[in-house]
Structures are given as C-alpha cells and as structure tokens.
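Subject: Structure handover

Hello,

Here is the structure for you to look over. My notes follow below it.

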Amino acid sequence: MNDLIQQVKDIDDEIISLHNKVDECKIIKRDIIRKIWMTCKHNWVDNSEKYYGDISGKLCSKCNLYSNKNLYF
Ligand SMILES: [Zn+2]
C-alpha cells in the first residue's frame, strides 16, 4: 500500500516537472517566433483558412506567421 502511495507521489512530481518543461518550451518558442517575425522579409498572402470574425489578417507564405503583430508581442 505504501508503495502505491509513493508511486502516486512520484508521478505527481513527474507531472509537475513536465509542466515546467512545457512552460519553458513555450517561452523559448515564443522568443524564436518573435525573432522570425522581426527578421523575415514577409510575403503576406490571404489566409485561406480565415474564418468569420478572424482579425488575424494575412499570413506570410515564408514563415507562416500572421500579419497581426499583436498575436506575438
Ligand atoms: Zn514571414
């Protein structure tokens, strides 16, 4: 029984650790995307997957980012 309780605690620790890792990756990804947004010589094209109410504007055919800078900064 004690062993099972310990197993749950170990898994909880693992989950917390993975959550932290995911957060870290999101921040790193955000910074890279910002760098891409700033350096790409964008070629804006209409977003074919644009749906009603979408204010994201156009997509860049090179970096696939939206023209709406506010989405990333
Ligand atoms: Zn671009």
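Ser61 lies in the segment that comes after strand S2 (59-60). Helices (H or I, at least four residues) and strands (E, at least two) are DSSP runs, numbered from the N terminus. This is a predicted model: local features need pLDDT of at least 70, side-chain atom pairs count only at pLDDT 80 or more, and totals for chains, interfaces and linings use all residues. Residues are numbered from 1 along each chain as its sequence is written.

Ser61 is exposed, because 10 other C-beta atoms lie within 10 Å. (Buried takes 20 or more other C-beta atoms within 10 Å of the residue's own, exposed 12 or fewer, and partly exposed falls in between; C-beta atoms are placed from the backbone.)

Which residues does Ser61 touch, leaving out those up to four places away in sequence? They are Asn43 and Val45. Contact means that the two C-beta atoms, placed from the backbone, lie within 7 Å. Asn43 is 18 residues from Ser61 along the chain, and their C-alpha atoms are separated by 5.7 Å.

Now the whole chain. It has one helix and two strands. From the N terminus, the order is α-β-β. Of the 73 residues, 3% are buried. Among contacts with a separation of 6 or more, 24% join residues 24 or more positions apart.

Last, confidence. The mean pLDDT (the predictor's confidence in each residue, from 0 to 100) is 91 for the chain, and 89% of residues reach 70 or more. Helix H1 (residues 2-39) has the highest confidence, at 97, and S2 the lowest, at a mean of 91.

Best wishes
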